[in-house]
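Morning, everyone. Please have the sequence and the structure up while I talk.

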Amino acid sequence: MKTILETKELSFSFPSKKEVLREISISVGEGELVLLCGENGSGKSLLLRALKGLLSPIKGTISIEGRDLSRQIKERNRAIGLVFQDAETQMVGQSVERDLRFGLENLKIELNEQNRRVEEVAQLLNLSHLLKERPRSLSGGEQRRVAIGGVLIMEPKILLLDEPFANLDWEGIKQVLASLASLKESGVTIVVATHEIEKIFSLSDSLILLERGEVVAQGSPLALLEVVERYGVRRPTLEEIASWSN
Ligand SMILES: Nc1ncnc2c1ncn2[C@@H]1O[C@H](COP(=O)(O)OP(=O)(O)OP(=O)(O)O)[C@@H](O)[C@H]1O
Ligand SMILES: [Mg+2]
């Protein structure tokens, strides 16, 4: 499989602290869905922010499609879309459609192209019937899908999601899962940071396990299921995993 994203010995520390990301070397294949897990404070969110270019690593490299983009923050920012955990709190538009268009308008993308992308993303995320609604009036799952749509519409090469199931009820989680399944189906490369691995386990191709800012394991999700508990991640039963799949 072709590698789309690769880091080598990426490290980061806050001025006052010891290293919170330590020599992170990971690789993500094109079209893969990768789970990033580890206990609270293990560095999941920081790693996503570093990849996106919101933090500047003090050491190491980040490559996309084989090109070293460690210093090309702008280019990396364009290639990588990040959906924050509370992304829906930042929705400002009067309608779902306005919110989806927001980033495109900022870039002065021409109207025909805007329309094409709105339609495509709405269809992919099952938002077509909600385009005229006010974002604030939507359910949690619907709002989360709009937040994903707002990032996806910028057509990033890689989509990163930070805790996409947080604060959602069962129905909301099911909706977000269905959206992620259809994104994966359409070939989008996805990295999901979560400790609720049972929910998305059956969609995942690879699992990266973090502990105190270090990668302690990376490989087949099923093979690593045995060890997750050692690193503070609850190990789901196979029945639980099955109950979330389909
Ligand atoms: N602004 C900051 N200043 C100093 N330390 C920070 C800052 N942000 C995060 N950290 C520290 O970096 C470490 C990793 O944080 P991070 O948010 O990446 O963890 P996480 O794996 O996403 O955890 P969670 O599961 O709680 O979301 C933690 O020890 C945290 O205290
Ligand atoms: Mg986090």
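One definition before anything else: helices (H or I, at least four residues) and strands (E, at least two) are DSSP runs, numbered from the N terminus. This is a predicted model: local features need pLDDT of at least 70, side-chain atom pairs count only at pLDDT 80 or more, and totals for chains, interfaces and linings use all residues. Residues are numbered from 1 along each chain as its sequence is written, and chains are lettered from A and ligands numbered from 1 in the order in which they are written.

Start with the ligand. A residue is near a molecule if its C-beta atom, placed from the backbone, lies within 6 Å of it. Around ligand 1 we find Phe14, Lys17, Val20, Gly38, Asn40, Gly41, Ser42, Gly43, Lys44, Ser45, Leu46 and His195. Which element gives the largest share of that shell? Helix α1, with three residues. By class, the shell has seven polar, three nonpolar and two charged residues. For those classes, Ala, Val, Leu, Ile, Met, Phe, Trp, Tyr, Cys and Pro count as nonpolar, Asp, Glu, Lys and Arg as charged, and the others, Gly among them, as polar.

Stay with α1, residues 44-52. The buried ones are Lys44, Leu46, Leu47, Leu48, Ala50, Leu51 and Lys52. Glycine 53 follows the helix, with a positive phi near 105°.

Now the sheets. Strands pair if DSSP finds at least two bridges between them. One open sheet has four strands, in the order β2-β1-β4-β5, with antiparallel pairing. Its edge strands are β2 (19-29) and β5, each pairing on one side only. α1 packs on this sheet and touches β1, β2 and β4, its direction making about 65° with that of β2. Contact here means C-beta atoms, placed from the backbone, within 7 Å. Axes are lines fitted to C-alpha atoms, for helices over the stretch in contact, and angles run from 0 to 180 degrees between N-to-C directions.

Inside that sheet, β1 (residues 3-13) and β4 (residues 59-64) run antiparallel, joined by five bridges. Leucine 5 stands opposite isoleucine 64 in β4, and lysine 8 opposite threonine 61. β4 pairs with β5 (residues 67-68) over two bridges, again antiparallel. Isoleucine 64 has arginine 67 in β5 as bridge partner. Two residues lie between the strands of this hairpin, where glutamate 65 takes a positive phi near 50°.

The other open sheet has six strands, β6-β7-β8-β3-β9-β10, with mixed pairing. β6 and β10 (214-219) each have a single partner strand, so one side of each is left without a neighbour in the sheet. Twist averages 20° from one strand to the next. β3 (residues 33-37) runs parallel to β8 (residues 189-193) over four bridges, with leucine 35 opposite valine 192. α1 packs on this sheet too, touching β3, β6, β7 (158-162), β8 and β9 (206-211), at about 150° to the direction of β7.

Last stop: valine 83, in β6 (residues 80-83). Why does valine 83 count as buried? Because it has 22 C-beta neighbours inside 10 Å. Leaving out residues up to four places away in sequence, valine 83 touches Ala147, Ile148, Val151, Leu160, Leu161, Asp162 and Pro164. Proline 164 is 81 residues away along the chain, yet the two C-alpha atoms are separated by 8.0 Å.

Conventions:
A residue is buried if 20 or more other C-beta atoms lie within 10 Å of its own, exposed if 12 or fewer, and partly exposed in between; C-beta atoms are placed from the backbone. Two residues are in contact if their C-beta atoms, placed from the backbone, lie within 7 Å.
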